[in-house]
Amino acid sequence: MGNRTALEALTQRPAAFLRSAWPWRCVAYLVGSVLPGAAVGLGVIAVGLAGPPVGLLLVPVLLALVVPPVARFERVRLRLVDTVPLPSVPDRRRRAAGVAVMTVFAMWWIDLVMLGFTVGGPVLLILSPVVQPEAGPVLGAVAGVAGVLLLPVAAYTITAWGGARGAMVRAVLAPAGSELSEIMRSRARLVDAFETERRRIERDLHDGAQQRLVALSMTLGLARLDVPDDSPTARLLDVAHDEAGQALAELRELIRGVHSQVLTDRGLGAAIRDVAGRSPVPVDVDADELGRLPAPVEVTAYYVVTEALANVARHSGATRAAVTARTAAGTLAVEVRDDGVGGADPARGTGLTGLADRLAVVAGRLSVSSPPGGPTLVRVEIPCAS
Ligand SMILES: Nc1ncnc2c1ncn2[C@@H]1O[C@H](COP(=O)(O)OP(=O)(O)OP(=O)(O)O)[C@@H](O)[C@H]1O
Ligand SMILES: [Mg+2]
């Protein structure tokens, strides 16, 4: 399942959403509010029994007792509606206490009222033939049907509130902000280092290993000429010569894979047509009139297309794919779509997240839409000043 939070889950197709665990997770999340609710109830009773002066003094003491466990509880149950790990922030305790105070004073009863209205309503309607037999069978049946029809609505409402509440808790526990740009910058450093290393390996392979293999292949060929055709050594030398040839071919393939010659010589459009032509799934290409773009833009876009098409072949089960590449208003937009099974999830591999890292370097954006059942669309936008 590609969704990490209840709010993301809401954007799926209704059939997939209603069959998923998300509505149930949200119900469990909200039912959890019974515990802080009970604690508050006990506190109110204690204050009431103690009477005005002592009771008022008791309030801060009770709060000090209740807030830490509620804070921990909120952190743990957040995972039901939001599976993205929480980053560590410096003032973590103070933030968790803030969430706990929010829960104790307001959210627990809002949760229970939401649950009561959205789930309690349809359930009561469904049960009405049992709890209100005097209303008669027809009315009972109508109420029952209405109750069943309201259940999907309840699933949406409950997931919306559960997701919104989770987002609120996350916003207090770990607000988005300061760390983001630093991560992008360190990613940029990483990819720069990778590019340098990639070029070194490419050069070493080309100048070193490839030359040696060529020499080996020639020596084997010469040795073969000196040996009579029918001797066993001749057969072995033939095999060795063949294998040296294959190793050379594979190495050339590898060097080409690291760096596409077509891309350097003829630009992105030609390189896209080249990879598309080698894809086992038929690909329609629309990448004319691109012209030449800045080298980093071309290389990044090329990697996006190769990885996306490799994914199409490996995971999608698609019968057709399409690549479009266009420049408009100083931005290159590349889209790779397929009619396969969908469900692409960057968390399950290194390919898509690696692309996101590369795009960070050229200030580009990668978005993936891949609902379960498909289709899958991978789209990138890269600013290019030409
Ligand atoms: N076009 C697609 N159709 C369906 N599922 C896809 C598609 N692309 C990716 N996926 C799913 O998303 C997951 C993540 O893709 P990603 O490219 O990040 O990793 P990978 O292809 O599994 O491994 P690699 O690190 O070698 O790329 C895949 O494992 C696959 O299950
Ligand atoms: Mg992949």
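I started with the shell around ligand 1: α12 gives the largest share, five residues. Helices here are DSSP runs (H or I, at least four residues) and strands are too (E, at least two), numbered from the N terminus. This is a predicted model, where local features need pLDDT of at least 70 and side-chain atom pairs pLDDT 80 or more, while totals for chains, interfaces and linings use all residues. Residues are numbered from 1 along each chain as its sequence is written, and chains are lettered from A and ligands numbered from 1 in the order written.

Next I looked up the whole shell. I found 19 residues around ligand 1, with N311, S316, A344, G349 and G351 the closest; a residue is near if its C-beta atom, placed from the backbone, lies within 6 Å. Two or more residues come from each of α12 (295-316) and α13 (351-361). I sorted the shell by class and got five nonpolar, ten polar and four charged residues. Nonpolar means Ala, Val, Leu, Ile, Met, Phe, Trp, Tyr, Cys and Pro; charged means Asp, Glu, Lys and Arg; the others, Gly among them, are polar.

Then the sheet. I traced five strands in an open sheet, order β1-β2-β3-β5-β4, with mixed pairing; strands pair if DSSP finds at least two bridges between them. I noted β1 (283-286) and β4 (365-369) as the edge strands, each pairing on one side only. β4 runs antiparallel to β5 (residues 376-383), joined by five bridges. On that pair, R365 stands opposite E381 in β5.
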